[in-house]
Each structure stands twice: as structure tokens, then as C-alpha cells.
Amino acid sequence: MSDTNLKHTDPIDASKLSFDDFKAMVLNDYRIVRESREASVIGRKEALTGKAKFGIFGDGKEVAQIAMAKVFRKGDWRSGYYRDQTFAFATGISNVYEFFSQMYAHPDIEAEPASGGRMMNGHFATRELNDDGSWVNQMELKNSSADISTTGGQIPRLLGLAQASKVYRKNSDLDYLTHFSNKGNEVAFGTIGNASTSEGVFFEAFNAAGVLQVPMAISVWDDGYGISVPSKYQTTKEDISEVLRGFQRDEKGDGYEIFKVRGWDYPGLCETYEQAIQVCREEHVPVFIHVTEMTQPQGHSTSGSHERYKSKERLAWEAEYDCVVQMRKWILESAIADEDQLLAIEAKAKVFVKGEQKRAWRDYVEAFNRESKEAVELLRAIDHDDAKKLATELETIKEPSLKNIYSIVRKGVRKLRFYLSDEKSLLLQWYKAKKVINYERYNSMLFTNSAESPSLVKEVPVHYDSDARLVDGREVLNACFSANFEREPRLLAFGEDVGAIGDVNQGFAGLQAKFGEHRIFDTGIRESAIIGQGVGMALRGLKPIAEIQYLDYLLYGLTVLSDDLACLSYRTKGGQKAPLIVRTRGHRLEGIWHSGSPMAMILGSLRGMHICVPRNMTQAAGMYNTLIRSDEPALIIECLNGYRLKERMPSNVGEFTVSLGKAEILREGSDITVVSYGSTLRLVQEAALELEQLGVFIEIIDAQTLQPFDEGHICAASLNKTNKLLVVDEDVPGGASAFILQHILEEQGGYFSLDGQPKTLSAKAHRPPYGSDGDYFTKPSVDDIIEITYKMMHEFNPIKFPALY
């Protein structure tokens, strides 16, 4: 990490500020502004010359971000986007060395702590976890949640970060969590470009914050464009603060305090931010700061030039009202410094930034040069012409990338496939050892894997008293939630209809009255905001359960789940975690939007989340018990038609656990292995009774979770016995069934046990129509399961099992 950064920006305290102090503060701010601008200029050159793959910068936004940094305190949180480099430098969230290390994709956390080279440049994140995955003291940090490139995607999470302050303020039972909050005194700062305020995720979260009255401060950087598209095509009246004027709080009710200030006006910006954040922090209300008349001197990114779409008049105006130019002008006019002093600051800024850029590039190159030299020596030691040629080829690359190094080494292994020697063995040993290192560099930390991983939660069997009551499945869930809310004060639950009525299927019935509206509460119809609430609160140490009423509606929160939550641990290389549990229900009911099973969509987009598909509410309760005790995000999909089916009430309903990734054999058999999950399992079990009468004995396996899937390889062991495989589910053809087949046949080696073609039985390629008949002809039925299983036995032994049709 850099050890040459000067001090960060100073907060304003006019009551204690002498003129000399004021002058020093302003000139220090100007130094940061100039360093940030130099980083943008040099960064663009580094991308255009090919050292960096891409460049996107915060030039034109420097002065506003200095003003915002002055009111950002330890314990506060940022949820911003890739234009915020000046703010990051001014607060110490990042520095120039780390900025360039990220541009070069340096995979070393010491050089690039935000992501270890995994995120594009300008994507900031503070490391909120220790090496063992435990939380650091957030109150000792100026915190930044990990950026994402989707330009409005940071706002749902911002809502949750702000709501956490309200939760900590309202619930005195959480006062012991002093490493997460000082009784809710923290502000969540968000930034967004003006064009991105047109996105639905912005309006959802913005409206929700007004309803909730949380300490959230949104700053809009308004430079009049969204890449090449001007505001007249983006925003009604070409002015987002005018559009949002109805949110201004007044005698009619709560809302926002809305501020508007020009992006080149240094004293005006400092005053506005001081006033806005004081209101936000002290009165615990959301504020909106619309920063207008900003510029973008280098255009949107290194992918293009803004001269293509801006008029000469606009470009001339931008040159004159560049915030750095205007700040410099104001300093001179105010006699804070003279020309020579400013020239000296500017010269030092250039030298400093260039030095940090060179240091970052040197450290990046040297890290790989060592591996290159090792590879060259190993190849050259092999007494083979091809090996020596490849060694020379690698040696002539002045600044080799890891791709260069390992592509040449692997080519060498292929060329030497018939050659045996001790020297070749040493090369292979070296390559295998480096594969482990490169996995850690580029593929590790999909999950945080801390001491609180669900894989380490002790398995506790379910117990029943001899006189255990038969109850509706929903009552098992209700008892499970009640026991966990008693035990864990950090636990929260929220969603549409969750509070007052206890959710549409009564899983939380009566629990709001028992535990309070500050812990179990309703939300509006806004799925992306609901997920954002959960992500933000989980980042701040709470244990949220966010409910999406039906599985089909998960689509409306999928962007936040996929772009933010699922990849959080991976994209920060284990630097952040958000142990959010998303609760929903789906599968068999009636109608196109209430009976979906879009598992392929979920499995493809939510890597980094556990995907739990319990067959009944007892299994669901065991999964909740496991996940509430752990620290990794998960989606639990309850069976929509199972809430009123009878189950026995466990005596340890809040204590027993179901291990994730552990499949279960529900019925032993010798003829065919049938793997399923969720609601279709009951159909498979029903079909098994008639199949037995037909002389077919199937082994039924419940996957229980799809991510992770059957880590004990129970499916492969069963297949070794039956030699035939059928996968049954409700997704579209080639959906989750293909995922399951890949695991069993390829990862578990089940292919070698087959004596016939593996089969899948899924729903049709369209959504199910309304009505029981529509369900019957669209999704797998008992008849379908019986007949496809019988057909597989016919193919195996046509004499014993004659064709049905």
C-alpha cells in the first residue's frame, strides 16, 4: 500500500478556524483536487497505451467530492459509483497508488485492497473483514460498500445502509454492537450520475427512503449527459431536483430536504454539504443534493471521445467552468494564495501522481517477473529444443503478464507430451503449485468461508416428542421464526405483507405483535428496494430476512441479487460479506405469474448464494436455523402448496439444523435413481407406489439444496447401484435438470455407472397456464413420472416391461 499520501481533507469548524487555518485547509483541498485530476489524465494515457484495459475517471467532479468528504465521518458509509475517486482520496478510502494498481488489475490485496484486481478501475471498497472472515470495527473506518458498474445499482443497497442506522437507533437491545454503530448516528452517502436517476431502481429506493425516513444523503453528479445522451432525453424538465420537488418535506408530511448547488462553486459546495449532512445526521431524515453544472473534461471513458457529440459551444463552456479552473480562480481572487504558490502545488501534484503511477506499475510487473524467470529457468533446464525455444520466447517479453507466462508453459507441456525427464517433472510440479496460487488470485472467495460458514454449523437432528402434534406446515415455520427471534436480537424480517398479517401464508403470523414493528415489518411493492434493504443492513452486521412474495417476482429484485449480493465476497476477494437470507415461495400453484420455477435463471445468476429448495416446511425450518447461525447469503424457496399440509411439530424447532449440500435418500430402490427437489418430490413419492405395483423399484433422492449440490455424492453412489438416472423438476427443459445432470455425471463421475441414457422430466418450455388442467399438461404429473420411468425400464428389459404405447 502507499505510504506517501499526504493528509486527507479537513472538516470545517468555522468557530475554531483562523484565517491561516482556513488557508491551509483550502490549499490542502486544492492539492487533493490537482492530484485527482492528474490521476485521471495519466490514467487515460495508461489505458490508451495498453497498460490498462480500460479507464473511467472522476474528472470534473473533484470539487464537489472534496466538499462531501469534509462531512463524512468514521462509521459512515458510502454507496457510490466509479466517478468518486476524489472522494476516495480525500477520505482515505483509497489512494493514488491503489488507484493505479486497480487499473493494472494487480491481484495482490496489499497493492489493490478493494478487490485484488477483480474490479475495474474507480470501483472502491473498504475491507470490512479480517483475514479469518470476522468483522472489523466499522466505527474506526470510513466505510465504502463495494462498487458495481451498473450505474443505478448502488442505490438499493444505500437504502439498507441508511436503514441500519434507524434500526440501531430504535432498538436498544442492539446497543452492545458498538463495532457496527453508535446508536444509529451514522449517515449513508450515495452518489449517482444524473442520467442514472432515470432508472427504476433509483426511484424505488428513493421513494422507500422517504417513507422510512432514514439518514440517507444522495448526491447527483449532473454533467448534463448520460454518455452521449443529453438530459432532455433523460429527465422530465431536464432537471431531476425539479422532478423530485414533491418529495420535499413540508407541513403536509415527511419527505426529503432537497438542495441544489453548482459543481464548480467550492464555498457554495462546502456550505451546502455542511448544512445538508447536519440535517441528515441530527434529524435522521433523507437529503438530496443535486450538484449541477458539472463537466467531464476527458469524456465518458477511454472507449470514446465526447467531441463526437458535444457542440463547440458546450466544450468551450466546459473548459471555462471546469471545477478545477474555477476553484483556482476563486483562490486567487480571494487572496488565499498567489500564482506561484498554486503553480508549486500543481507541480508537486504532477510529480507525486506520476511517481505513484510508476511505483504501481513497477510493483505489478515485478510481481510477475519473478514467475517469468522461474518458468524460463525450468524450461531452459529441459534438454529439448522446443522447451528452449519457448524459454527464449518468454525471456524476450519485456513485461510479461501472467497470461503470457502460463500460456507458454502450458504450450510447453503439450509439446513435451512424449518426453520424460526429471527436469520436465520439476516443470510440472511448479505448474501445479502455481495453479493453486492462480486459483487464489482469480477464482477464490465466492463465499467468505469464515468460522461462521454454514458448512461449519453443527448438524443437530430434528427431535419429536412421542405425542408431537400434527400441524399445518406454516405453523412449523412460525414456531421456528419465533424461536430464532427470541435467541438472536440482530434478526429482522420484512417484505410485502410480512408485518401486520404475518405474510400471505402466515409464516410470521402474530410475530410482529410479539417482537415489535422495528423487527418485523411491512414494505411497499418494490422488490429491488427490498433486496437492497437486506444487503445494506447485512453489511452493517444485522441478520435480515428479506421476503419476496412469490418466486416469479424474484425477477424484479434479480439485478440487485446478481450484480451486488451474489458476487460481493468474490469481487472484494473476501473483503466484505452480507449474510442476507432471501425468503420466497414458488413451484406448483395456478397461473403464469404464481407457479413459476425459474431455477436455471437463479442458478446461472446467483453464484455466490446458497440455493435451498426444501421439500416441506420442517426441512425449510432446519435450513433457516442453519443460515441464521451462519454468515453467508442464501435464497430459500418454500413450496407454495405445502403450507397447509400436515407435519409433526419438532420439539427442538428452533435448534435442529439441516446441512447445506447434503442430499437425502427418501426411499431406497434398486432399479432407477430418481433425483428431484421441492414440490415435485411428493409426486415422485406418489408415483413410486404405482411403479412398485408395476415391478419397478425406484430410489428417490431429495437434493435439498442446489448450491451447493450433493457434496457427499449420494447421487453417484445410488447410480452405482441402479445404473439408471432420472431427474425430475419443474423448470423449463434443459434448466435445473441440466445443472443436476452435470453435477452427477461429470463432477461425481456418475457417467461411468450408466447402462442407459439418463433422462430428465421437466415442465414445458412455457410458463404454466391458469387452472389445474393447465398445470397437469404443463408440469410433470404423477402419470408423467410413472410412464417415463416405466419406459426407461422397457428400454432396459423390453420383455419384462412391454411398451405401454
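This is a predicted model: local features need pLDDT of at least 70, side-chain atom pairs count only at pLDDT 80 or more; totals for chains, interfaces and linings use all residues.
## Cysteines

The whole structure holds 0 disulfides. A disulfide needs two cysteine sulfur atoms within 2.5 Å. Cys 280 does not meet that cut-off, because the closest cysteine sulfur, in Cys 270, is 18 Å away, too far for a bond. Cys 480 is also in no disulfide. The nearest cysteine sulfur to that of Cys 480 belongs to Cys 612, at 13 Å.

Burial is the next point. Cys 280 has a relative accessible area of 0% and is buried. Cys 480 is buried, with a relative accessible area of 0%.

## Helix H18

Helix H18 spans residues 558-566. Its buried residues are Leu 558, Val 560, Leu 561, Asp 564, Leu 565 and Ala 566. An α-helix has 3.6 residues a turn, so residues three or four places apart point the same way.

The buried residues of H18 pack against several elements. Four are helices: H5 (154-170), H17 (527-539), H19 (568-571) and H20 (599-605). Strand E13 (581-586) is another partner.

## Ser 241

Ser 241 sits in helix H7, which covers residues 240-243. Ser 241 is buried, with a relative accessible area of 6%.

The side chain of Ser 241 makes a polar contact of 2.7 Å with the side chain of Asp 239. A polar contact of 2.7 Å also links the side chains of Ser 241 and His 290. Beyond its neighbours within four places in sequence, Ser 241 is in contact with Ile 258, Lys 260, Phe 288 and His 290.

Methods
Residues are numbered from 1 along each chain as its sequence is written. Side-chain values use heavy atoms; hydrogens and water are left out. Buried means under 20% relative accessible area, exposed over 50%, partly exposed in between (1.4 Å probe, protein chains only). Helices (H or I, at least four residues) and strands (E, at least two) are DSSP runs, numbered from the N terminus. Contact means heavy atoms within 4.5 Å. A polar contact is a pair of N or O atoms within 3.5 Å; within protein, one must be able to donate a hydrogen and the other to accept it, and residues adjacent in sequence count only if both atoms are side-chain atoms.
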